[in-house]
Amino acid sequence: MWKLKIGEGVDGPYLYSTNNYVGRQTWEFDPDAGTPEERAQVEEARQNFYRNRRQVKPCGDLLWRMQFLREKNFKQTIAPVTIEDGEQISYEKATKALKRAVNFFSALQASDGHWPAENAGPLFFLPPLVFALYITGHLNTVFHAEHRKEILRYIYYHQNEDGGWGLHIEGHSTMFCTALSYICMRILGEGPDGGLDNACARARKWILDHGSVTHIPSWGKTWLSILGVFDWSGSNPMPPEFWILPSFLPMHPAKMWCYCRMVYMPMSYLYGKRFVGPITPLIQQLREELYLQPYNEINWRKARHSCAPEDLYYPHPLIQDLMWDSLYILAEPLLTRWPLNNLIREKALQVAMKHIHYEDENSRYITIGCVEKVLCMLACWVEDPNGDYFKKHLARIPDYIWVAEDGIKMHSFGSQEWDTGFAVQALLASNLINEIGPVLKRGHDFIKKSQVKDNPSGDFKKMYRHISKGSWTFSDQDHGWQVSDCTAEGLKCCLLMSMLPQEIVGEKLEPERLYDAVNVLLSLQSKNGGLAAWEPVGASEWLEMLNPTEFFADIVIEHEYIECTSSAISALILFKKLYPGHRKKEIENFITNAVRFLENIQMPDGSWYGNWGVCFTYGSWFALGGLAAAGKTYNNCPATRKGVEFLLRTQRENGGWGESYKSCPEKKYVPLEEGRSNLVHTAWAMMGLIIAGQVERDPTPLHRAAKLIINSQLEDGDFPQQEITGVFMKNCMLHYAAYRNIYPLWALAEYRRWVPLP
């Protein structure tokens with residue numbers, strides 16, 4: 001059986017930690033573990049997912065939950081609650097439902113204080129890792145037979161009915177992920193017609209029916225070229241000389257969004273080397289299987305601008321195609337020939353690799369995310385197959401692997417701190433402090449230990465990095481990358497805990513560390529009042545015209561975000577209340593400008609576009625919270641009034657809210673089909689209305705929503721897994737498996753706390 005291990009790791013030549021691996025999550029397979037009944041329970045969960053995979057595509061993340069509940073001998077002691085039609089919700093029933101949710105969720109806390117959870121869903125995360133391990137000869141040493149079995153399970157279970165795979169688990173089929181999944185199955189031992197439900201044959205038919213992999217988008221062209229299944233001449237140039245451009249140029253790396261920078265850094269190194277892995281018999285077979293014409297007859301130059309319409313979310317403007325053509329026709333032939341290949345190309349490759357090593361070291365070889373992780377790891381192997389850099393990367397692969405009833409997937413990079421920050425606030429809102437003191441204390445301890453203590457090493461500004469001391473990351477301290485909303489939520493938790501008895505929740509965080517967090521937040525505000533997520537906004541908007549991807553939008557430069565801005569407002573207002581003398585004027589100016597940003601960015605229908613959750617419901621909850629914290633109410637703020645009206649207008653007949661993920665790419669509100677509601681969306685809307693004063697005006701919509709949440713609760717206090725709720729870069733969804741517990745619990749807590757009940 002598979003077992004989740006928490007906080008495990010031993011410092012050595014290839015693995016090390018800044019805080020003794022607090023928050024680390026790794027999986028181990030023990031062939032002898034588990035009773036026959038426990039193994040049967042796991043197999044039943046797998047089969048249930050498979051049978052229902054067309055109805056609910058995100059998994060329930062059940063394997064570790066079963067493990068934790070079993071280890072803690074959890075039994076729900078409070079009987080289920082039902083609200084009948086026409087029945088008024090009583091304080092007693094609301095309390096019972098809330099306590100049931102709290103009891104269950106508390107049992108899911110890890111020993112170090114965080115709540116583990118899957119953070120995956122995109123289907124282009126895992127295959128490149130398999131490709132890289134195949135190329136480097138480490139596939140069988142890193143992934144044993146059980147790993148390979150579960151990777152294949154994940155691929156099979158998320159294949160669409162038409163034979164393809166989407167960009168994410170709920171998406172329509174795309175060339176990018178269908179090709180990656182097909183190749184991954186073949187590398188893992190399936191024949192051309194193998195796989196569950198004829199997976200390989202159906203996938204290959206989809207690929208060929210849609211024009212073959214010559215129509216794969218640019219990231220796919222890169223990976224297939226690395227693998228030897230495509231030719232580098234069919235890709236647009238990614239010259240490593242970009243890394244030695246003068247800093248005064250508008251397209252300098254320092255002005256790029258950090259994720260874009262971190263992806264194209266190793267990509268440009270591999271492109272500059274024109275690296276191709278070993279051409280094995282399997283690679284030769286794939287060259288025959290994936291094209292409509294013989295491999296040696298393909299017009300690679302023509303393929304450069306080809307992209308399947310299913311993959312095309314961001315069509316490249318003409319000016320970008322002209323730029324690529326100029327680089328392809330004029331620059332690359334010069335830079336790859338003597339003398340410029342020795343004078344410039346080699347220096348550029350060295351500079352790119354210097355940046356790769358710097359980023360690797362400052363993230364303990366976790367890197368900023370899973371896409372970057374695999375590329376940086378492969379670049380290190382290309383530089384030195386037997387070097388320590390590559391071995392350090394291998395040691396951190398387990399940090400990215402996650403196992404659930406639908407198989408093995410690759411994490412984005414883990415959401416430990418993000419989920420725990422909200423989990424703690426939800427539990428605090430329950431007003432059950434005396435009953436769950438140890439849970440809160442462990443959560444508080446995890447948050448304190450996860451704060452980043454230092455800035456990146458050396459002259460970090462020269463390496464295009466921003467301050468990180470005092471911040472919180474999305475995952476754990478070792479990751480090292482500051483995020484503004486994670487920092488705001490971490491700061492908020494520490495401030496709320498400081499107001500409670502230390503004998504219950506533990507010692508409060510030292511003021512100096514709170515000041516460090518405030519410093520990070522203040523440093524990330526833009527002139528328009530909005531807050532960036534990772535680094536200050538400092539580049540021109542027109543650079544987005546040069547977005548080299550086809551399936552993402554707004555990835556070239558950093559932007560301001562509603563969620564980050566709202567989180568920072570509420571955190572700094574609480575900080576100002578508790579520490580009124582610290583940078584008072586700066587904080588007041590920050591809040592004034594941030595509120596103005598929220599008001600200015602509101603949509604005409606009264607909603608706010610959510611960048612990290614689905615979508616207008618999520619953004620509106622955050623925005624209304626930030627406005628309320630700043631003293632904006634339904635009566636004195638038109639933006640709040642319009643936001644409330646939007647939420648009331650979109651409530652469904654069953655009392656809930658349900659928004660399709662399609663709202664994110666389409667940038668307009670799209671409800672779930674067939675009048676469905678989603679409990680997480682319902683909780684967000686409910687909390688947005690509560691904080692905007694709906695209780696005083698008309699609590700009826702809140703009663704209807706609470707009834708839906710209470711009646712949806714499962715027998716053990718859990719809530720059912722429904723549609724995917726997270727998103728990034730507008731077009732790709734992300735499964736936050738802990739959301740189904742955190743937010744319904746939190747909404748019930750706020751309902752019970754603020755709504756008068758009989």
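Contact here means heavy atoms within 4.5 Å. The model is predicted: local features need pLDDT of at least 70, side-chain atom pairs count only at pLDDT 80 or more, and totals for chains, interfaces and linings use all residues. Residues are numbered from 1 along each chain as its sequence is written, and side-chain values use heavy atoms, without hydrogens and water.

Start with the whole chain. The chain holds 30 helices and 11 strands. These are DSSP runs numbered from the N terminus: helices are H or I with at least four residues, strands are E with at least two. The C-alpha atoms fill a box of roughly 80 × 60 × 50 Å along the principal axes. Of the 758 residues, 64% count as buried, meaning under 20% relative accessible area with a 1.4 Å probe, protein chains only. Among contacts between residues at least 6 apart in sequence, 75% join residues at least 24 apart.

Now look at one helix pair. The axes of α10 (residues 258–273) and α14 (residues 340–362) come within 9 Å and cross at roughly 145°. Axes are lines fitted to C-alpha atoms over the stretch in contact, and angles run from 0 to 180 degrees between N-to-C directions. On the α10 side, the residues that meet α14 include M262, M265 and Y269. On the α14 side, R345, L349 and E359 are among them.

Finally, pick out S268, which sits in α10. S268 is buried, with a relative accessible area of 3%. Which residues does S268 contact, leaving aside neighbours within four places in sequence? They are M238, P239, P240, W243 and L349. L349 belongs to the α14 side of the helix pair.

Technical notes. Buried means under 20% relative accessible area, exposed over 50%, partly exposed in between (1.4 Å probe, protein chains only).
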